[in-house]
Amino acid sequence: ENQPSFRYSVQQHPDIKNIQANYSGHEIAVMLPKAQSGAWANTEEVGLERKIPFTQNQYLTVLIEKDFQCLHKQATEDESDNFPNPAAIS
């Protein structure tokens, strides 16, 4: 059977104040305030988290974390857009 693929994206948005998420079709888009995403990318902070009210007593917890380069590199894996691993010895 041909199953639909699940896709995701993390996007910057200048007009929002908090992390938001949108699910449509088979894709979830996590939207970050532009200032927060810029600060996060340029610091040692690993992850961002927000509990988004879903219903009266339920929340959608959104957690995104930086993808670090592996300490033991695989020849077949492209890590060109990964963050430097803080555990790597320079």
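In what order do the elements of the protein chain run from the N terminus on? In this predicted model, the order is β-β-β-α-β-β, and the chain accordingly comprises 1 helix and 5 strands.

The overall dimensions were computed from the C-alpha atoms. Along the principal axes, these atoms fill a box of roughly 50 × 40 × 25 Å. The radius of gyration of the protein chain is 16 Å, whereas a compact globule of 90 residues would have a value near 12 Å. Of the 90 residues in the chain, 20% are buried.

Charged side chains were examined next. Side chains of opposite charge can pair when their charged atoms come close. The count for this model comes to 1 salt bridge. The salt bridge is formed by Glu-27 and Arg-7, with 3.1 Å between the closest N and O atoms. Distant parts of the chain are linked by this pair, since Glu-27 belongs to strand S3 (residues 27–33) and Arg-7 to strand S1 (residues 7–13), 20 residues apart. Glu-27 has a relative accessibility of 25% and therefore counts as partly exposed, as this class lies between the limits of 20% for buried and 50% for exposed residues.

A patch of negative charge is present on the surface, where Asp-67, Glu-77, Asp-78 and Asp-81 gather. One of these residues, Asp-81, is located in the segment after strand S5 (58–65). The relative accessible area of Asp-81 is 65%; this residue is therefore classed as exposed, the cut-off being over 50%.

Notes: Residues are numbered from 1 along each chain as its sequence is written. This is a predicted model: local features need pLDDT of at least 70, side-chain atom pairs count only at pLDDT 80 or more; totals for chains, interfaces and linings use all residues. Side-chain values use heavy atoms; hydrogens and water are left out. Patches are made of residues with over 30% relative accessible area and no salt bridge: like charges are joined within 9 Å, nonpolar side chains (Val, Leu, Ile, Met, Phe, Trp, Tyr) within 5 Å. Accessible areas come from the Shrake-Rupley method with a 1.4 Å probe; for residues, only the protein chains shown count as cover. A salt bridge is a side-chain nitrogen of Lys or Arg within 4 Å of a carboxyl oxygen of Asp or Glu. Lys and Arg count as positive and Asp and Glu as negative; His and the chain ends are not counted. The place of a charge is taken as NZ of Lys, CZ of Arg, CG of Asp or CD of Glu. Helices (H or I, at least four residues) and strands (E, at least two) are DSSP runs, numbered from the N terminus. Buried means under 20% relative accessible area, exposed over 50%, partly exposed in between (1.4 Å probe, protein chains only). The radius of gyration is taken over C-alpha atoms; the globule rule is 2.2 Å times the number of residues to the power 0.38.
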